[in-house]
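Biologist: I am new to this structure. Could you take me through a few of its parts?

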Amino acid sequence: MKSARLYLCFVVANLIAINWMVIYYLNLSYPLVGSDYHLAISSLLDTALHFRLNGLAIQWFTPSFGGGIPAFPNPNNMQFSLPAFLSVFLPPMQAVTLSVVIYISTGFIACEYFLRHTLKMNWTASMLGAVFFSANGFMIQRVTIGHLGYQTFPLLVIFLIALLEESLHPIPAAAIVGLMSGFLLHSAGYFIIIVFCFSILITLPIIYIYNPSYFKWKRWLAILILGGAIGLLISASKLAAVFSFMRFFPRTISDHYATTRLLGLYGLALQLLGTMNLAPLFQIAGLSPDSVPNY
């Protein structure tokens, strides 16, 4: 009992430290925030106004924002997301900060459970993995910019729990997959769904190397088929609205990149071998990062 309480205190201490760091980083230059917050905050204010006047009714257009543009039919719309709900009661920036704390805390607890209970790792590896996962730079940097659709990234581990937790019956597991998929889509998370898929594809081979017995193909197939059906059912209204309305708002601007494939590969090499990795290594070795070549 004493060790359990000590471990719980350790979990809480890590959560406080991580969330304090993220809150401090998000508001480091407040009120100067990320460039995309000029869109995100305006949109959250518009959604909050709609909720206060109309309750939980669907907001089809935004008469008070952007001169009247599609809301619910827009894939980037966040009307039924956590920060939009919190914006009804809090100023938008505070709502965003609280939603980030909720997502990070949920991801931390889920990751610790997944590593310690599902994968049967020791508590030190589980705690360290939860810290690395929850404090990842991808989600924090995206949210700092104002790409709020990416703040659901810590929920990724819940999909892994649904697939790999053997004590969880396939039907509840499929319900979790379906509910999570629908939630992501309604939270402007169509991009993050792609990130989820690739992240899981990267993670599964590592888990297979760690312990192949976790791979129950028939169970996975049943969960994914039923979960996909539930997710499509939940998201049917959103998908129908997007496909029905957005064809009337075509993209009239296209990007043309005059970059060769060889130059693209060269850029990838510089990212892998450049200052983002060399500067910390120089610092660890006691060398001056200023001497790193300026690519």
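Biologist: How many residues does helix α2 have, and how far does helix α2 reach from its first C-alpha to its last?

Modeller: This is a predicted model, in which local features need pLDDT of at least 70 and side-chain atom pairs count only at pLDDT 80 or more, while totals for chains, interfaces and linings use all residues. Residues are numbered from 1 along each chain as its sequence is written, and side-chain values use heavy atoms, with hydrogens and water left out. Helices are DSSP runs (H or I, at least four residues) numbered from the N terminus, and the expected span is 1.5 Å times one less than the number of residues. For α2, residues 37-54, the expected span is 26 Å; the helix has 18 residues and reaches 25 Å.

Biologist: Which residues of α2 are buried, and what covers them?

Modeller: Buried means under 20% relative accessible area, exposed over 50%, and partly exposed in between (1.4 Å probe, protein chains only). The buried residues of α2 are Y37, A40, S43, L44, D46, T47, A48, H50 and F51. Their cover includes α3 (82-86), α4 (92-118) and α6 (137-145).

Biologist: Which residues are closest to the centre of the largest pocket?

Modeller: A pocket is an open set of points on a 1 Å grid over the protein atoms alone, where a 1.4 Å probe fits, with protein on both sides within 12 Å along at least five of seven lines; lining residues have an atom within 4 Å of a point. The largest pocket holds about 560 Å³ of space. Of its 24 lining residues, the closest to the centre are L39, N76, N77, M78 and A188.

Biologist: Which helix gives the most to the lining of the second largest pocket?

Modeller: About 450 Å³ of space lies in this second largest pocket. At least two lining residues each come from α7 (156-164), α8 (170-186), α9 (190-210) and α10 (217-245). The most, seven residues, come from α10.

Biologist: How are the rings of F138 and Y150 arranged: stacked, tilted or edge-to-face?

Modeller: Rings of Phe, Tyr and Trp (its six-membered ring) pair if their centres lie within 6.5 Å; planes under 30 degrees apart count as stacked, over 60 as edge-to-face and the rest as tilted. The whole structure has 15 aromatic pairs. The F138 and Y150 rings lie 5.6 Å centre to centre with 80° between the planes, so the pair is edge-to-face.

Definitions and conventions: Contact means heavy atoms within 4.5 Å. Grid points are joined across faces, edges and corners, and a volume is the space filled by probe spheres set on the points.
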